[in-house]
Amino acid sequence: MNNVSVSPTPGQHWDIFCTVVDNYGDIGVTWRLAKQLANEYQQPVNLWVDDLRSFQFILPELDITLIEQQHHHVNIIKWDQPLSRPWQAGSVLIEAFACDLPAEIIDATAVIKPFPLWINLEYLSAESWIDDCHGLNSPVKNGVKKRFFFPGFSEKSGGLLCEKNLFAQCDAWQANNQRVQLLQRLGVDNVGANDRLISLFSYESSAINALCQQLITGQQLTHLFVPQGRALTSVADALATTTAALGKQQHYQQGQLALHILPMTNQEQYDQLLWSCDLNIVRGEDSFLRAQWAGKPFIWHIYPQDEDAHIDKLQAFMQRYCQQLPLDAANTWQQLNLAFNQNDPLAFSTHWQSLQHHEVTLDKHAKIWPKTAINHADLAKRLVQMVKNG
Ligand SMILES: Cc1cn([C@H]2C[C@H](O)[C@@H](COP(=O)(O)OP(=O)(O)O[C@H]3O[C@@H](C)[C@H](O)[C@@H](O)[C@H]3O)O2)c(=O)[nH]c1=O
């Protein structure tokens, strides 16, 4: 057996394997989980990642030439095939998002006894069917089984990733108006007390065109913060320019819209941007959750799937999110999200204009939502408990 060290007593560490499919969500989620397990639960964690270049966008200090390195107390290993560093069995083996584990590990099921607790970490969903699948076992090989872990919003699910001190950090940031420091760091020094701040980290959408037009002609000056990437293409279209031209300028003003183009930062600084804005437009899985933890209203651009499966996922979430909202505010917010996801600029403009009537309600709701959503226990806590229970 190549590249597997067979030790008579498996180690106590956790291995997390992550394949970067596209974008930053797969690595974003596993990196966050690895940091939390290492720092809050003092677990030795190996994070195996097949694409360090993508990882570097959200961890700029990562050295992409190294096979192994430590950051935030997590041991990060470049996952090559075949493995460039032998795998040694630990106590837990996490396959993130059903990635194919290395053949060396599958073969090792024949010889390593007991085999580490094998967990398949699934994508987050607000759909209720996940409650019945969370925790189920499925046979893999040689009598070894893997267990399914479904993150979700219900008590029966695997819960949501959220660090122990996150809400306190966010509250302190907002109470002390620390956004001023953030804006200084970003080189944005012309923000008035009544200006609106919006962050935009989405995929391409023609609704962005409508958004920009609404902001340009709006009553209030809006600062729109756009990290380099896919949303910028749609912003450039809306402003009848190109991403290359926009990229050169960094700050750009048209009417009541002040556009600021940002480099990607680490996850901690991205959180600070979300905490500082009045509205966040987010996407995928991880930024979607972080916008909720920021306690601010948001629009969710969900990762598109075949046959519009993502729209069911979006509806399932919106239903949960809106349970405690008055009907008219809920309707406006849901229609706005649908318009963004369905590339409908006309509908987006209509619902954007209605949004102003519900700003106070949505603001209040966004503040109380995190405590409802966390449902007494975050994901890492539930995961550690699952491991303890065996
Ligand atoms: C803009 C920005 C983001 N980030 C982080 C936040 C998140 O961890 C990560 C972005 O991940 P997401 O929000 O999930 O969006 P994404 O579109 O990048 O990832 C998606 O990838 C697909 C393959 C998955 O199937 C989707 O479910 C989703 O996870 O990038 C930074 O750290 N710094 C930044 O400046």
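This is a predicted model: local features need pLDDT of at least 70, side-chain atom pairs count only at pLDDT 80 or more; totals for chains, interfaces and linings use all residues.
User: How do you know whether the radius of gyration agrees with a compact globule?

Analyst: The radius is taken over C-alpha atoms, and the globule rule is 2.2 Å times the number of residues to the power 0.38. For 390 residues the rule gives a value near 21 Å, and the chain has 22 Å, so the two agree. The C-alpha trace spans about 70 × 45 × 40 Å along its principal axes.

User: What share of the residues counts as buried?

Analyst: That share is 40% of the 390 residues. A residue is buried if 20 or more other C-beta atoms lie within 10 Å of its own, with C-beta atoms placed from the backbone.

User: What are the domains, and where do their bounds come from?

Analyst: Domain 1 covers 4–160 + 376–389, and domain 2 covers 166–374; such bounds come from an automatic or database domain assignment. Over C-alpha atoms, their centres are 30 Å apart. Domain 1 brings 18 residues to the contact and domain 2 brings 13 residues. On the domain 1 side, α1 (25–40) and α2 (52–58) each supply at least two residues, and α1 gives the largest share, four residues.

User: Why are β4 and β9 said to stand at the edges of the sheet?

Analyst: Strands are DSSP runs (E, at least two residues) and helices are H or I runs of at least four, numbered from the N terminus. Two strands pair if DSSP finds at least two bridges between them. The open sheet of eight strands runs β4-β5-β3-β2-β7-β8-β10-β9, with mixed pairing. Because β4 (68–71) and β9 (137–141) each have a single partner strand, one side of each is left without a neighbour in the sheet.

User: How many bridges join β9 and β10, and in which sense do they pair?

Analyst: Four bridges join β9 to β10 (residues 144–149), in the antiparallel sense. Against the cut-off of at least two bridges, the four found here count as a pair. One of the bridge partners in β10 is Lys-146, which faces Ser-138.

How values were computed: Residues are numbered from 1 along each chain as its sequence is written. Two residues are in contact if their C-beta atoms, placed from the backbone, lie within 7 Å. A residue is buried if 20 or more other C-beta atoms lie within 10 Å of its own, exposed if 12 or fewer, and partly exposed in between; C-beta atoms are placed from the backbone.
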